[in-house]
Amino acid sequence: MAEIVHDFFPLMRVYKDGRIERLMGEGFVPPELDPETGVQIKDIEIDPEINLSARLYLPKNVDTVQKIPLFVYFHGGGFVIESASSPSYHKHLSTVAAEAKVVIVSVNYRLAPEYPLPIAYEDTWLALKWVASHANGDGHEPWLKDHADFNRVYFGGDSAGGNIAHHIAIRVGLEKLDGVKLEGIFLACPFFWGKDPIDGEGENLGAKDFVEKLWLFANPNSSGLDDPLINPEKDPKLSSLGCDKVLVYVAGKDPLRFRGFYYKEVLEKNGWPGTVEVVEVKDEEHVFHLFATEAENAMGMMKKLVSFLNQS
């Protein structure tokens, strides 16, 4: 048996011979009409040269002149697994599109270690610029041209995708996107950490070790856990977050939950002028909503997200 040199169970393993074994997140659902919700789904290429693509969702019964909110989503998976076509995201986002009546663009960014960070951040920014090109009529995707309200744009993501949503929202605040009004971001169990433990983290040193090793594996040129890309407190650009509303969900059994609460504290301390709400769901694990979509807590979270995406 080949020697394992990096073991990130249950996500992935890397062997001495260079082989990468992804242990989850490899499933694929074709882009077809979702029979349960009636949501239309299709995949589009954004930049074939770098294999950058996205999965689009359009709810049923949207007339030809109706503009509805746009939700740009970034999947999780520690920057190393999952895709926009994974079964869990396909089901989750089909339901979001149907319940919230929003157009969704789920970005299929490239994964580490083959494409180490910051490539995922650059891919998602390129995807967002492609999305924004439809605000002034230059883009060619009819679902965005005909139905997306670019004055009601939201970002969302879970785990590593929540991390990405946060950073892309900062970049929007700094660089702006013509014709795009980012209303808010939704972060589910966001992937943040830091070198120094905060209240509660000292109880689980194993979690810190796992997060640090995974982070440096995905981002080998990083300075470590106080890199602003994983520790928002160390980011001098934090107050530039380019939206007015943030909704954060944390799970009671998730070691990352302390950073979710701390994120609110750090945002407020740094002078960001918006409002941030953190909701804790007791007795649940990391990204619980993706694995038991019809459970009571997941449905409660869905109801809250639907309301968040339809604020005027």
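Let me begin with the second largest pocket, to whose lining α1 and α7 each supply at least two residues. Please bear in mind that this is a predicted model. The space in this second largest pocket amounts to about 410 Å³. Its lining consists of 20 residues, and Thr95, Glu99, Thr293, Glu294 and Met302 are those nearest the centre. By class, seven lining residues are nonpolar, seven polar and six charged.

How do the two helices pack? Helix α1, residues 87-100, and helix α7, residues 296-309, have axes 9 Å apart and meet at an angle of about 55 degrees. The pair therefore counts as oblique. The crossing of α1 and α7 is right-handed.

I turn now to the largest pocket, which holds about 490 Å³ of space. The largest share, four residues, comes from α5. In total 25 residues line this pocket, with Leu11, Ser159, Phe210, His286 and Val287 nearest its centre. The lining of the largest pocket comprises 16 nonpolar, six polar and three charged residues.

Finally, the record: an unreviewed UniProt entry annotates residues 71-289 as the domain "Alpha/beta hydrolase fold-3". That span is 35% helix and 19% strand, and its end C-alpha atoms lie 18 Å apart.

Notes. Residues are numbered from 1 along each chain as its sequence is written. This is a predicted model: local features need pLDDT of at least 70, side-chain atom pairs count only at pLDDT 80 or more; totals for chains, interfaces and linings use all residues. Side-chain values use heavy atoms; hydrogens and water are left out. UniProt positions are given in the numbering used here, feature names are shortened, and annotations may be inferred rather than shown by experiment. Axes are lines fitted to C-alpha atoms, for helices over the stretch in contact, and angles run from 0 to 180 degrees between N-to-C directions. Angles under 35 degrees count as roughly parallel, over 145 as roughly antiparallel, 65 to 115 as roughly perpendicular and the rest as oblique. A crossing is left-handed if the near helix is turned anticlockwise from the far one by less than a right angle, and right-handed if clockwise. On a 1 Å grid over the protein atoms alone, a cavity is a set of points where a 1.4 Å probe fits but cannot get out, and a pocket is an open set with protein on both sides within 12 Å along at least five of seven lines; lining residues have an atom within 4 Å of a point. Grid points are joined across faces, edges and corners, and a volume is the space filled by probe spheres set on the points. Ala, Val, Leu, Ile, Met, Phe, Trp, Tyr, Cys and Pro count as nonpolar, Asp, Glu, Lys and Arg as charged, and the others, Gly among them, as polar.
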